[in-house]
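Subject: Structure handover

Hello,

Here is the structure for you to look over. My notes follow below it.

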Amino acid sequence: MSQNFRIALRFLTAKKRAMLMSLSCIILGVGLFIVTQAATTGFQEFFIKTILGTNGAILIQDKVQATMRSIASGGYNSGYEIRQKEGQKYIEGIDYPEILTGGVKAFRNVSGVSAVLRETVTIHSSFREQTGQAYGILLADHLRVSSLGSQIVAGSIEDFRVQQAGALVGRVIADKLQLDPGDTFEIVDKNDVHHYRVSAIYQTGVNDIDSVRVYLKMDDARALFKKPTGATYLQVSLIERDRAREDAAEMTNSLGYRADAWQDREKSWLGVFKAFRVATAITVSVFTLIAGLAMFNTLAMIVLEKTKEIAILRSMGYTREDISTIFLWQAAIVLAIGTLVGCALGGIITYAVSQYPMPITGIFTSHKFLVQWSKWHYIEAVIISVLTVMVASLMPSRRAARLEPGDIIRGTAQ
Amino acid sequence: MADQPKIAMRCEGLQRYLGQDEGRVHVLKGVTFEAHAGHVYAIVGPSGCGKSTLLYLLGLLDQPDAGKIWINGQLMSNSLDAVRTAARGEHIGFVFQFHFLMLEFTCIENVMMPMKKLGRLTPLQMVERATRLLDSVGLGDKVHRLGTHLSGGEQQRVAVARAMANQPTIILADEPTGNLDVKNASLVFDLLTSLAKDNGQAVVLVTHNPDIAHRCDFTRPMRDGVFV
């Protein structure tokens, strides 16, 4: 143990209460930062996983067709032209999904592709009716690109596979229309009425999905929409989800269809999560800021109280750097204890919150608070507190180092 | 002819102003002084004549406005702060009117503090030397006692032991007995001078006490910033 560290340890005891105040603020700051970050990223991760498990990492839709960049006006060589902004237009839907699927599967990062046929329809039950969206899927393909298999909350996906005119209904629609597995309902599309049976009820947890989607088998959907060929879009799952943007750009270029990565499709929601996470981080960092101010105040008081000791240390050959180090050590000791206890507290509260049954409904549906365990929450919390407290400690420690021993002793002795 | 003792410290033409602007006072007006190893010097004079200011300059705690200081033959005045700081740790021991002990530390820890900074001895050697020094000032049975649990006389004796810790060339003492009763004052003075003489160290002390001054080898009276 270095001599400066030993002196710092003893000096710490000089202002126990003030140091405890700084320590408490560091513990609270670090702990609450970890908890809030775990919760906000928990909800964000839940959203991302649900989106990826429901809509896939990439959606391929709309054929890209190049257009003229400008059109001459007033005759050839007239000097007038109308410029088109993008030079390309999009044609909705996919004409030959099987061929395109083959092209998409050639991408190394692709783990599955599912063709989906979608239309807006009206759903009738004996209880009431509501507007929804019918999705025609090939079950085997779709299970490969989604989490649908694990989102079933009532009934069975096997029933859907074998049942004629079976349907998978979202939890929210099922509740609104009072449908249970085995019940029948009608879907009306362009005045055609088709009858279906509820094979199972699924729940993604995202209200926007569970309140509108009804999955049908592809053949049933084609019959309903009178579309014997084609698809609305291809849903693509990836091995590495974070490469979705690069893969989507490459697919657009090479396949001639617009491919949208999940990060771009859900930009607004992801933006909300980011803003929320930053806002809570800033709010909670107020504790760390208070800890910094408390540390500044405490060290400044210790410097004032220990001027004689500083002078005598300087008279014994301790350098200005030694004096500065002694005071920085004091801050570092409190900081180390504070961050360690704060991390432990954050971990304990995060665990407790994640275990406590707390039904959440609204945008999301969950039975408990969603948290995400990440070492980065702890690292960020420690970095913020280290920066705040050490910056706050610099000024008093430099002031202590600048004190002239002769001035102090003269002032005391005379 | 007997050998002249080595010059531990020498200053020449020291001048020092204190205060600023209209409050600026010419405290030292060209002081020249020499301290030889093994001798005890008393600087006496009325309050405000510049005794303590001279002592802080000699102890490299302050910088002269003019003049030169040599410690152990090395020119120190106006040298870099780091050089002066190192010289203080190696060549100078201080005893002040107030003991200035680090009260959170025990007696032995206080005495070992300069040794740890200098770093010339092993931890075991430091403990042995500090124990021996405390024993020599009559505190052998209180080495592990906190400074707060000692009497005023005992605290000042620990300060004397601490000043001797690194076997400095010179010991500077500013009213070392000023806060003590007659008995303790005499005890502390005897300890300080006998230890210094045994180790061949020069002692320069500032005092108002005529008895103490009388017992020193040399007395240098000061008035208005000069020796008279």
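First, the ground rules. This is a predicted model, where local features need pLDDT of at least 70, side-chain atom pairs count only at pLDDT 80 or more, and totals for chains, interfaces and linings use all residues. Residues are numbered from 1 along each chain as its sequence is written, chains are lettered from A and ligands numbered from 1 in the order in which they are written, and side-chain values use heavy atoms, with hydrogens and water left out.

Helices and strands here are DSSP runs numbered from the N terminus (H or I, at least four residues, for helices; E, at least two, for strands). Two strands count as paired if DSSP finds at least two bridges between them. Strands of a sheet pair through backbone hydrogen bonds, either parallel or antiparallel.

Four strands of chain B make an open sheet, ordered E2-E1-E4-E5, with antiparallel pairing. Its edges are strand E2 (25–36) and strand E5 (74–75), each of which pairs on one side only. Helix H1 (residues 51–58) of chain B packs on this sheet and touches strand E1 (7–18), E2 and E4. The direction of H1 makes about 125 degrees with that of E1(B). Contact means heavy atoms within 4.5 Å.

Now the pairs, one by one. E1(B) and E2(B) are antiparallel over nine bridges. There, B:Met9 stands opposite B:Ala35 in E2(B). The hairpin of these two strands has six residues between them, and B:Gly19 takes a positive phi near 85 degrees in it. E1(B) and E4(B) are also antiparallel, over five bridges. Strand E4 (residues 66–71) joins E5(B) through two bridges, again antiparallel. B:Ile71 faces B:Gln74 of E5(B) across that pairing.

The six-stranded sheet in chain B

A second open sheet has six strands in the order E6-E7-E8-E3-E9-E10, with mixed pairing. Strand E6 (92–95) and strand E10 (226–227) stand at the edges with a single partner strand each, so one side of each has no neighbour in the sheet. E6(B) pairs with strand E7 (residues 170–174) in the parallel sense, over four bridges. Within that pairing, B:Gly93 has B:Ile171 in E7(B) as its bridge partner.

Helix packing in chain A

Helix H2 (residues 16–55) and helix H11 (residues 267–305) of chain A have axes that come within 8 Å and cross at roughly 170 degrees. That makes H2(A) roughly antiparallel to H11(A). For reference, axes are lines fitted to C-alpha atoms, for helices over the stretch in contact, and angles run from 0 to 180 degrees between N-to-C directions. Angles under 35 degrees count as roughly parallel, over 145 as roughly antiparallel, 65 to 115 as roughly perpendicular and the rest as oblique.

The residues of this contact divide into 25 nonpolar, eleven polar and two charged. Nonpolar covers Ala, Val, Leu, Ile, Met, Phe, Trp, Tyr, Cys and Pro; charged covers Asp, Glu, Lys and Arg; the others, Gly among them, are polar.

A:Thr40 is in helix H2 of chain A. Its relative accessible area is 5%, so A:Thr40 is buried. The cut-offs are under 20% for buried, over 50% for exposed and partly exposed in between (1.4 Å probe, protein chains only). A:Thr40 touches A:Phe273, A:Phe276, A:Arg277 and A:Thr280, leaving aside residues up to four places away in sequence.

Salt bridges

A salt bridge is a side-chain nitrogen of Lys or Arg within 4 Å of a carboxyl oxygen of Asp or Glu.

One network links A:Arg314, A:Arg320, A:Glu404, B:Asp81 and B:Arg84. Within it, A:Arg320 and A:Glu404 meet at 2.9 Å, N to O. A:Arg320 lies in helix H13 (residues 320–355) and A:Glu404 in the loop between helix H14 (375–402) and helix H15 (405–413) of chain A, so the pair ties together parts 84 residues apart in sequence. A:Glu404 is partly exposed at 34%.

On the chain B side, B:Asp81 and B:Arg84 meet at 3.7 Å, N to O. They are three residues apart in helix H2 (residues 81–91) of chain B, about one helical turn. B:Asp81 is partly exposed at 21%, while B:Arg84 is buried at 8%.

Another salt bridge joins A:Asp247 and A:Arg243, with the closest N and O atoms 3.0 Å apart. A:Asp247 is buried at 3% relative accessibility, and A:Arg243 is partly exposed at 35%.

Best wishes
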